[in-house]
Amino acid sequence: MAKQVAWSAGKPPVEDELLGLEADSAAYSGRLREAREFSRRAIDSAELAEEREVAALYSALSGLREALFGNAEQARRPATSATTRSSRRDVRYGAALALAYAGDDKRARTPTDDLSKRFPEDTIVQFNHLPTLRAKFALSRGNASEALENLRAATPYELGVTTSSTYGWNALYPVFVRGEAYLAAHQGREAAAEFQKILDHRGIVVNEPIGALAHLQIGRAYDMHGDTAKARAAYQDFLTLWKDADIPILIAAKGEYAKLK
């Protein structure tokens with residue numbers, strides 16, 4: 001990958017695409033500082049090539065990554081910036097999801113409403129993006145049953161991969177949020193089944209952050225279900241994957257793992 005990134009230097013639009021992928025790969029292994037730098041370079045490269053909408057997408061995904069990893073403050077700026085710079089469908093969704101994970105539902109609702117109004121017959125918007133966002137809003141209100149109901153519409157399509165970008169970064173988010181909803185409802189067995197889907201479909205998830213976080217979440221699900229052996233194995237997988245991580249939630253994960261008996 002490093003050789004390919006070096007080869008792509010000064011060759012837009014290949015350069016920004018590879019830098020964006022490198023950012024995702026670094027984040028997948030928990031190397032968030034590196035991921036931020038690669039994202040910055042991807043944005044700069046895209047802007048230099050006058051690909052402003054692509055640059056906005058990298059900004060939205062950078063914000064989503066920060067939010068998923070628990071860095072709400074660092075997530076809001078790039079996500080908000082993305083919403084003001086582009087009306088592209090994927091940009092609006094990525095930014096809205098980032099803001100929702102950052103706990104800023106008020107700001108997240110603006111791009112969500114925009115998606116609903118502008119794309120009434122768009123399959124991925126109506127059966128992937130909107131159910132996922134609405135489920136996150138329901139979870140922020142503490143309503144797990146409403147979240148699960150919202151995600152019902154996504155079930156037939158949840159393993160699909162969008163062709164709107166080179167890599168399907170938004171695949172399986174309905175599954176990940178459904179797993180979170182089951183955790184919130186204290187249904188460990190059902191939560192584990194959802195996160196297992198993500199681990200079973202690496203070819204779809206590739207190097208997206210939810211692929212790494214699924215190890216942690218399934219550990220929590222097994223612990224809730226009372227299967228300590230599987231919980232310990234899942235936590236060990238996550239801690240091994242993030243052995244070089246510089247992310248605050250790693251501290252919480254280590255604390256949870258230490259409490260397993």
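I call a crossing left-handed if the near helix is turned anticlockwise from the far one by less than a right angle, and right-handed if clockwise. I take helices as DSSP runs of H or I, at least four residues, numbered from the N terminus.

**Entry 1: ground rules**

I am working on a predicted model, where local features need pLDDT of at least 70, side-chain atom pairs count only at pLDDT 80 or more, and totals for chains, interfaces and linings use all residues. Residues are numbered from 1 along each chain as its sequence is written, and side-chain values use heavy atoms, with hydrogens and water left out.

**Entry 2: helix 5 and helix 6**

I looked up how helix 5 passes helix 6 and found a left-handed crossing. Their axes lie 9 Å apart, at an angle of about 150 degrees; I take axes as lines fitted to C-alpha atoms over the stretch in contact, with angles from 0 to 180 degrees between N-to-C directions. The two helices are therefore roughly antiparallel (over 145 degrees; under 35 is roughly parallel, 65 to 115 roughly perpendicular, the rest oblique). Helix 5 brings Arg76, Ala79, Thr80, Ala82 and Thr83 to the contact, and helix 6 brings Val91, Arg92, Ala95, Ala98 and Leu99. Contact means heavy atoms within 4.5 Å. I sorted the contact residues into six nonpolar, two polar and two charged.

**Entry 3: helix 8 and helix 10**

Next I checked helix 8 (residues 123–140) against helix 10 (residues 173–184): the angle is about 20 degrees, and the axes are 9 Å apart. Helix 8 and helix 10 are therefore roughly parallel. Their crossing is left-handed. From helix 8, Asn128, Thr132, Ala135, Lys136 and Leu139 meet Tyr173, Pro174, Val177, Glu180, Ala181 and Ala184 of helix 10. This contact has seven nonpolar, two polar and two charged residues.

I used a 1 Å grid over the protein atoms alone: a cavity is a set of points where a 1.4 Å probe fits but cannot get out, a pocket is an open set with protein on both sides within 12 Å along at least five of seven lines, and lining residues have an atom within 4 Å of a point. A volume is the space filled by probe spheres set on the points, which are joined across faces, edges and corners.

The largest pocket holds about 250 Å³. Helix 5 gives the largest share of its lining, five residues. Helix 3, helix 4 and helix 5 each supply at least two.

I also found two cavities of 30 Å³ or more. The second largest cavity has about 40 Å³. Its lining is Asp24, Leu61, Leu64, Arg65, Tyr173, Glu208 and Pro209.

Key. Nonpolar A, V, L, I, M, F, W, Y, C, P; charged D, E, K, R; others polar.
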